[in-house]
Amino acid sequence: MRDIKNISDAVVEATFEIDSDAPLGRRCMRVLNARSGLTNMMYFVVGRHPEVLETEPNNDAAAAFAVTLPVIVNAHLNPAADVDFYRFSAKAGQNIVAAVLGQAIDSHGQGRDYGFVDADL
């Protein structure tokens, strides 16, 4: 870990530095805090495709978030019923794979109805 910041009582921001020759695959991490203890495992993937952070607003076709394939888009569901649009170039007959992996790091929920989805591909 290269950097860790306590943003607020509820938010910690960390920057991981991953070597360019790190083996590809799924890794896990946990967060320990005084309020809720140790979280369940949260997974991240060391992959071979470039990654970008989604930016809002992209809630309709006119404001679609432009990406270049292949790409991994990291995004947040905010608000709870968030709808996101993406724009990319493709050729006729080209196969496109769109996969979604969703998870919540706060598995304890803090009184909310949070949960984990682990969609292994």
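Here are some questions and answers about this predicted model.

User: Which strand has the highest confidence in the chain, and at what mean?
Analyst: Across the chain, pLDDT averages 81, and 82% of the residues score at least 70. Among the strands, β4 (residues 32-33) sits lowest, with a mean of 76. The highest confidence goes to β8, at 96.

User: Is Asn-58 buried or exposed?
Analyst: Asn-58 is found in the loop between β7 (51-53) and β8 (65-66). Leaving out residues up to four places away in sequence, Asn-58 touches several others, including Phe-65, Asp-84 and Tyr-86. Buried means under 20% relative accessible area. Asn-58 has 0%, so the word for it is buried.

User: How are the rings of Phe-65 and Tyr-86 paired?
Analyst: The count comes to two aromatic pairs. In the pair of Phe-65 and Tyr-86, the ring centres are 6.1 Å apart and the planes stand at 90 degrees, so it's edge-to-face.

User: How many residues apart in sequence are the parts that the pair of Phe-65 and Tyr-86 ties together?
Analyst: Phe-65 is buried, with a relative accessible area of 15%, while Tyr-86 is partly exposed at 33%. Phe-65 lies in strand β8 and Tyr-86 in strand β10 (residues 86-87), so the parts tied together are apart in sequence by 21 residues.

User: What is the area of the nonpolar surface patch that includes Val-12?
Analyst: Val-12 lies in strand β2 (residues 12-15). It makes the patch along with Met-1, Ile-4, Phe-16 and Ile-18, and the area is about 510 Å².

Key:
Residues numbered from 1 in each chain as written. Predicted model: local features only at pLDDT ≥ 70, side-chain atom pairs only at ≥ 80, totals over all residues. Heavy atoms only, no water. Helix = DSSP H or I, 4+ residues; strand = E, 2+ residues; numbered from the N terminus. Buried < 20%, exposed > 50% of the residue type's maximum accessible area, 1.4 Å probe, protein only. Contact = heavy atoms within 4.5 Å. Patch = residues over 30% accessible without salt bridge, like charges linked within 9 Å, V, L, I, M, F, W, Y side chains within 5 Å. Areas by Shrake-Rupley, 256 points an atom, 1.4 Å probe, with all protein chains shown as cover. Salt bridge = Lys/Arg side-chain N within 4 Å of Asp/Glu carboxyl O. pLDDT = per-residue confidence, 0-100. Phe/Tyr/Trp six-rings, centres within 6.5 Å; stacked < 30°, edge-to-face > 60°.
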